[in-house]
Amino acid sequence: MDKNENRKNNKKKKSLIISSIILVSIIIVLVGVAIYYLTNNKEKDDKTISYTDLIKEISYGNVEKIEMTVGSTSIKVKFKDVEEEKRAIIPNTEAFVELIHEKAAEGNDIDLKQNPKSVLMQIPATLFSLFPTLIMLALVIMIFKMQGLGEKGQVYEDTERKTKIRFKDVAGLDEEKGELIEIVDFLKKPEKFTKMGAKVPKGVLLYGKPGTGKTLIAKAIAGEADVPFISMSGSEFIEMFAGLGASRVRKLFDKARKMAPCIVFIDEIDAIGARRTSNSGAETENNQTLNQLLVEMDGFSSEETIIVLAATNRPEMLDKALLRPGRFDRQITIPNPDLKGRLEILKIHSEDKRLSDDVNLASIAEDTAGFTGAELANILNEAAIIATINKHEDIENSDIEEAVKKVTVGLEKHSRTYSEKDKKLTAYHEAGHAVVSKYLETQTDVKEVSIIPRGVAGGYTMYKSDEDKYYISKTEMKEKLIALLGGRAAEKLVLDDISTGASNDIEVATKIAREMVTKYGMSDNLGPIDFQGKEQNDMFVFGENIGDKIGAEVKLLIDEAYNEAQKLLIEHRDKLDIIAQTLLEREKINEQEFKKIFE
Ligand code: ADP
Ligand code: MG
Ligand code: ZN
């Protein structure tokens with residue numbers, strides 16, 4: 001093909017692409033207009049009231065009832081002494097609900113009804129949700145055509161820039177930082193290492209739960225070394241069409257070579273590096289992507305100062321080939337922060353916030369065992385919002401405590417009304433948890449019992465946080481089961497009926513019991529065997545009815561715990577009644593009040 005013809009061809013294809021872009025845009029606009037018309041039209045004929053007028057009416061105390069539908073900003077307003085209802089559009093549903101609660105606190109009670117999504121609402125919603133898929137499909141096809149042209153055009157942009165994040169921004173994780181500092185050194189002065197004949201790792205895998213700071217620490221390495229940070233997420237590699245993932249990997253590393261010294265960060269590497277097992281379509285595509293990654297990592301020499309960092313929270317999923325020498329031969333576990341780490345994280349994230357003098361970050365750190373860095377950062381942010389709503393000068397300790405509860409059990413829902421019968425049931429359920437755990441040696445003290453609904457829970461019993469510990473004993477797990485089943489046991493004992501309110505407790509208890517048997521080898525009858533092992537077909541190893549045996553052991557643990565819970569409640573029925581009664585009167589019992597009842 002001569003050059004001229006080639007160019008013509010390219011031009012043709014370019015105009016084809018442009019026209020398809022135009023076509024897609026037109027379709028988007030048309031459908032958008034149609035949906036807008038569909039969803040808004042029916043409301044036009046109703047009487048409406050503007051948002052500002054609505055706010056005025058609310059402050060005058062003229063509003064009796066408000067009806068909202070989840071996911072919609074269109075609400076129904078019923079005024080006092082007026083039959084007909086009006087409609088209004090609110091800018092932000094959450095802020096609006098807060099406002100109503102605020103008014104309620106001021107004594108201006110408005111009946112707030114929140115309906116689940118109506119079927120009618122869902123039709124446009126499903127249409128909407130189909131949209132991105134359609135657009136993506138069109139885009140992917142176009143990208144393909146572009147690639148077919150062999151054009152060097154930039155198909156996608158990696159995030160690449162020098163980050164300002166330093167090790168000092170990463171709280172805790174001292175040992176991990178210590179291990180990673182050598183990579184910073186290498187990126188800064190590669191000659192120093194190569195002269196010595198030292199082999200520096202090419203790849204480092206960071207293992208850890210979401211939100212523990214893997215991305216943060218990877219950025220901090222780039223920041224400390226003052227090199228570019230090129231990142232991609234494994235899930236971005238997963239494509240519908242074969243070959244695209246592999247070509248993205250190639251491009252990523254082409255770019256890295258040009259920018260070396262640099263850091264390449266692959267987040268969620270499990271999405272591409274999953275173990276190669278079956279031969280389904282998606283897997284084959286993954287294999288190509290994974291193979292390309294392996295080729296690239298084997299390809300660059302140790303003089304090229306590129307360090308590949310990857311993060312995952314599912315290390316057991318990874319293909320072993322990734323872990324061979326010369327690839328990700330170093331693995332670092334990023335743990336959930338310990339007490340000291342949590343305090344440091346809270347300090348770092350409160351630097352830009354206005355904290356009142358009464359805030360005791362150390363005690364908040366104690367109360368948040370098991371929380372990740374991201375969750376702690378989130379708590380401080382929530383606290384700032386709660387302080388604003390409460391019209392506090394600055395963030396008070398109570399705001400942070402409320403934020404901790406909001407993050408763990410959800411927001412209090414004062415507006416939710418429920419019947420006396422439900423209330424009694426909830427009171428006994430929660431009292432059941434609290435009383436039972438009081439008599440269990442290993443369980444932590446009760447911090448708060450409440451029958452005010454929060455999030456999806458009708459009530460809750462909060463325990464004092466555990467100190468950080470690495471091992472949990474069998475006794476402790478058994479007692480945990482008893483505490484979990486205390487709610488259901490109380491319902492049965494007092495009301496001689498049981499409710500769906502215990503479903504979450506039962507779910508958690510079953511999971512613990514199953515793990516006791518299959519993971520921690522705590523069943524006397526089955527012994528210390530890992531039944532969760534990697535073997536797909538346990539029955540070939542342990543016999544055909546191994547499933548039945550495991551089931552029987554799990555059931556035994558649960559039955560024992562349930563019986564024990566009932567026994568404790570019968571024995572301490574007086575306390576159960578007092579606590580349930582107090583809850584019915586006051587809705588909430590705090591730590592001191594709870595302790596007093598037992599004195
Ligand atoms: P991961 O990549 O492990 O899911 P990230 O690095 O994205 O977690 O962390 C999310 C956010 O949580 C960070 O941006 C930061 O605000 C906060 N965070 C997590 N760990 C720490 C830490 N050790 N020090 C300070 N902030 C942290
Ligand atoms: Mg991350
Ligand atoms: Zn419960």
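A salt bridge is taken here as a side-chain nitrogen of Lys or Arg within 4 Å of a carboxyl oxygen of Asp or Glu. The structure is a predicted model, in which local features need pLDDT of at least 70 and side-chain atom pairs count only at pLDDT 80 or more, while totals for chains, interfaces and linings use all residues. Residues are numbered from 1 along each chain as its sequence is written, chains are lettered from A and ligands numbered from 1 in the order of writing, and side-chain values rest on heavy atoms, without hydrogens or water.

The whole structure contains 25 salt bridges. One of them pairs Asp298 with Arg327, with 2.8 Å between the closest N and O atoms. Asp298 belongs to helix α10 (residues 281-299), whereas Arg327 sits in the loop between β9 (306-312) and β10 (330-333), so the contact ties together parts 29 residues apart in sequence. Helices (H or I, at least four residues) and strands (E, at least two) are DSSP runs, numbered from the N terminus. Asp298 is partly exposed at 41% relative accessibility. Arg327, at 12%, is buried. The classes are buried, under 20% relative accessible area; exposed, over 50%; and partly exposed, in between (1.4 Å probe, protein chains only).

Other salt bridges lie within single helices. Lys340 and Glu344 meet at 3.3 Å, N to O. These two residues are 4 apart in helix α11, and therefore separated by about one helical turn. Lys340 is partly exposed, with a relative accessible area of 49%. Glu344 is also partly exposed, at 26%. In helix α19 (residues 546-571), Glu564 and Lys567 are 3 residues apart, again about one helical turn. Their side chains form a salt bridge of 3.7 Å, N to O. Glu564 is partly exposed, with a relative accessible area of 27%. Elsewhere, salt bridges with shared partners join Asp445, Lys464, Glu591 and Lys595 into one network.

Distant parts of the chain are linked here: His433 lies in helix α15 (residues 420-438) and Asp505 in helix α17 (residues 503-518), 72 residues apart. Both His433 and Asp505 are buried.

An N or O atom in the side chain of Thr215 lies 2.6 Å from an oxygen atom of ligand 1. A backbone N or O atom of Leu216 is 2.9 Å from an oxygen atom of the ligand. A polar side-chain atom of His349 lies 2.9 Å from a nitrogen atom of ligand 1. The protein covers 78% of the 560 Å² of accessible area that ligand 1 has on its own. Accessible areas come from the Shrake-Rupley method with a 1.4 Å probe; for residues, only the protein chains shown count as cover.

Technical notes:
A polar contact is a pair of N or O atoms within 3.5 Å; within protein, one must be able to donate a hydrogen and the other to accept it, and residues adjacent in sequence count only if both atoms are side-chain atoms.
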